[in-house]
Each structure stands twice: as structure tokens, then as C-alpha cells.
Amino acid sequence: MASFFGNFFKTLFGGGGGESSEAPAGDPVEYQGYIIRPAPRQDGGRWLTAGIVTKTFDDGDKEHRFTRAETHGDHEEATSFSITKGKQIVDDLGDRMFLKDS
């Protein structure tokens, strides 16, 4: 009985069921001097658009992680859309994505 209440309160206050988890990152894609690595995250049976955009500068590599609200029914669809979203970020922000205020 104690286990039931423990699980109930854990779920009620965000400790279970709806947590998101990352799947292994997909194959990196080179785009306009940036590397986009799709990394969709599973969230309650759906997949969130997510990934990492990286660029090498004279002082080393910089990366920008992104997660968006779009959800997808399967990992492949989310991976494909994460690449599309990464390209959009590159087009819209360019190197500004690496600034702290972006």
C-alpha cells in the first residue's frame, strides 16, 4: 500500500511517467560550416525535436543545444525534423546562437 501512495505522489508531482529521455544522437550532418547532430528526446511516448549545433572556431569548438515543443510519433521522424530545425537555427542565427543572450 505504501508503494502505491509513493508512486501516486511521485507521478502527481512530476517524478514519473512524463519524464523525457534522450536517445542516442543521430548521424551528424554538415551544413554551411556547422555540424548538426539530431538528438530527439522521448517524452511520454512521443519524440521531441532536439539536437546540437557545433562549429569550430580558432579558440575551440562551441555548441548550441536546442529542444523544441514539436512532437513526433517515431524516432526517425523526430530525427529528420531535428536536422531541419538545426538548419533553420543556422539560417536564422548563424554564429549569434553561441552568444550567451541567444
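Student: Which residue follows H2, and what is its phi?

Tutor: Glycine 94 comes after H2, with a positive phi near 55 degrees. Keep in mind that this is a predicted model.

Student: What about the other end, what caps H2 there?

Tutor: Aspartate 74 caps the N-terminal end of H2. One of its side-chain oxygens lies 3.2 Å from the backbone nitrogen of glutamate 76.

Student: How many residues does H2 have, and how far does it reach?

Tutor: H2 covers residues 75-93, which is 19 residues. From first C-alpha to last it reaches 26 Å, close to the 27 Å expected at 1.5 Å a residue.

Student: Which residues of H2 are buried?

Tutor: Ala78, Thr79, Ser82, Ile83, Lys85, Gly86, Ile89 and Val90. Down the axis of H2, the buried residues fall within an arc of 170 degrees, so they line one face of the helix.

Student: Why would spacing like that put residues on one side?

Tutor: An α-helix has 3.6 residues a turn, so residues three or four places apart point the same way.

Student: And what covers the buried residues of H2?

Tutor: The cover includes strand S2 (29-31), strand S3 (34-38), S5 and S6.

Student: Take threonine 79 in H2. What does it touch, leaving out residues up to four places away in sequence?

Tutor: Threonine 79 touches Pro38 and Pro40. Its relative accessible area is 16%, and it counts as buried because the cut-off is under 20%.

Student: Switching to strands. Which way do S5 and S6 run, parallel or antiparallel?

Tutor: Antiparallel, with 10 bridges joining S5 (residues 46-57) to S6 (residues 60-72). The two strands form a hairpin with two residues between them.

Student: Which residues in S6 are the bridge partners of lysine 55 and alanine 50?

Tutor: Lysine 55 has lysine 62 as its bridge partner. For alanine 50, the partner is threonine 67.

Student: What else pairs with S5? I'm looking at S3 and S4.

Tutor: S3 pairs with S5 in the antiparallel sense over four bridges, and isoleucine 36 has valine 53 in S5 as its bridge partner. Strand S4 (residues 41-43) also pairs with S5 in the antiparallel sense, over three bridges. There, glutamine 42 stands opposite tryptophan 47 in S5.

Student: How many residues lie between S4 and S5, and what's in the turn?

Tutor: Two residues lie between them in a hairpin. Glycine 44 is in the turn, with a positive phi of about 60 degrees.

Student: Which side chain makes a polar contact with the side chain of threonine 49?

Tutor: That of histidine 72, at 2.8 Å.

Student: What else is in contact with threonine 49, beyond four places in sequence?

Tutor: Besides His72, the contacts include Phe66, Thr67, Arg68 and Glu70. Phe81, Ser82 and Lys85 are also in contact with threonine 49, and Ser82 and Lys85 are among the buried residues of H2.

Student: Zooming out, what is the order of elements from the N terminus?

Tutor: The order is α-β-β-β-β-β-β-α, which comes to two helices and six strands.

Student: How many residues are in the chain, and what share of them is buried?

Tutor: The chain has 102 residues, of which 29% count as buried. Its accessible surface is about 6,700 Å², and 51% of that belongs to carbon and sulfur atoms.

Student: Last one. Of contacts between residues at least 6 apart in sequence, what share joins residues at least 24 apart?

Tutor: That share is 42% in the protein chain.

Key:
Residues numbered from 1 in each chain as written. Predicted model: local features only at pLDDT ≥ 70, side-chain atom pairs only at ≥ 80, totals over all residues. Heavy atoms only, no water. Pairing = 2+ DSSP bridges. Polar contact = N/O pair within 3.5 Å; in protein donor to acceptor, adjacent residues only side chain to side chain. Contact = heavy atoms within 4.5 Å. Expected span 1.5 Å × (residues − 1). Buried < 20%, exposed > 50% of the residue type's maximum accessible area, 1.4 Å probe, protein only. Arc of directions from axis to C-beta. Areas by Shrake-Rupley, 256 points an atom, 1.4 Å probe, with all protein chains shown as cover.
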